[in-house]
Amino acid sequence: MRKGLMKRITSVAMAALMLTGVSVMSAGSVSAVGTTKTSQTNIEIPFNGSGTTLESNKTYKLPALISGLTGTKYEVSVSNNRIAKVKNGEITTNGTGSLTVTVTLANGIKLSKTFTVVKPEVQINVSTDVVLLKPGQKKALQAIVSQSKGKLTWSSTDSKVVSVDQNGRLTAKKDGIATVTVKTTTGKTASVKIRVGEGIPVEAVRLNATKQTIEVGQSFQIHAVTVPANATDNSLKCTTTDAKVASVSYGKVTGRSAGTAYITVKSANGKSSVCTVTVVDPVPVTKVNINKTNVTLHVGEKFQLHASAAPENATNKALKCTTSNSSVASVSYGKITAESVGTAKITVTSSNGKTAVCTVKVIK
């Protein structure tokens, strides 16, 4: 890698880390990069978390400065999808444990950082992202504190819309939106959006499918709409009864193991619809068929070997051709070329290891 580019990457990364409070190794500790696309640097990724600890059930963003390293293209991945999900560069935590976040830059260099994801110190016990209230309505919020002890402080961004006392009791006053926040003595906070007004409630949630059968490893997208379409709050949330059978992320359902799971799509005011997902094991290839098991060719002659996987409904019917001796007979996409006098075996292999062999004899 050119020294100038390495210097730019290091300086930008360090600047980003300084802004986010993350410690950086010295430039001299960066391992060799540029030789392959899988080179790994020792620079930690810039991240808007606090140190190496993240809280579950929260969304974190990667700073825009990451784009400055090699351009706007980069990929983000996490070591454990059960702890966190990635979408558009944002990482949403939904579990606890150790989590390594890796950013692959446009030039193949990878930056990584390991976090410990813990339970939030404080969270507000509500089942929806937005609490809907009518003017004059009262509601008590409950704060769940996992670590800190001491006094909690409640506040509203607009007490003219909704007020909150120091016991978490809300009073809706007039149409509008306000955010209510609870704060611990250590400075940790949790918030919930309050919408006050008669509004247009969601009456039902409709799905594009209420039953679906998929194989392990397959995915499909649930599309949902609210009725009426102009509901005041038409936000929707997807959950699964068994993530080990079928997981769901932003409506994309993926089969994990054989069984049945129920995917629920729920509106902010509690209306819901369910899709029953049956996950079945994939159908394996049991045999590979070829049109010739023996063929004799002259040097320079070509022959097209045709192959197919059985049964017809096999999940993955991809086949691969290899030769035992490419100097005698080469093969590309089933087309055999006689290279020199001798004998070679062309093997056709399925994704699950089933094979068929064609013996090629090459003569002058």
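1. The largest nonpolar core has 21 residues; such a core is a set of buried Ala, Val, Leu, Ile, Met, Phe, Trp, Tyr and Cys residues joined through side-chain atoms within 4.5 Å. Buried means under 20% relative accessible area, exposed over 50%, and partly exposed in between (1.4 Å probe, protein chains only). Leu297, Leu305, Ile336, Ile346, Cys358 and Val360 touch the most other members. At least two residues of this core come from each of several strands, among them strand 26 (287–290), strand 27 (294–298) and strand 33 (342–350). Strands are DSSP runs of E, at least two residues, numbered from the N terminus. Strand 34 contributes the most, four residues.

2. The model is predicted: local features need pLDDT of at least 70, side-chain atom pairs count only at pLDDT 80 or more, and totals for chains, interfaces and linings use all residues. Residues are numbered from 1 along each chain as its sequence is written, and side-chain values use heavy atoms, with hydrogens and water left out.

3. Leaving out residues up to four places away in sequence, Leu297 touches Lys302, Phe303, Ile336, Ala338, Val360, Lys361, Val362 and Ile363 (contact: heavy atoms within 4.5 Å). A second, separate core of 18 residues includes Ala172, Ala178, Ala190 and Val196.

4. Gln218 lies in the loop between strand 18 (211–215) and strand 19 (219–221). Its relative accessibility is 36%, so Gln218 counts as partly exposed.

5. Beyond neighbours within four places in sequence, Gln218 contacts Val253, Thr254 and Gly255. Gln218 and Val253 are 35 residues apart in sequence, with a C-alpha to C-alpha distance of 8.4 Å. The Gln218 side chain also reaches the backbone nitrogen of Glu215 at 2.9 Å.

Terms used: Polar contact = N/O pair within 3.5 Å; in protein donor to acceptor, adjacent residues only side chain to side chain.
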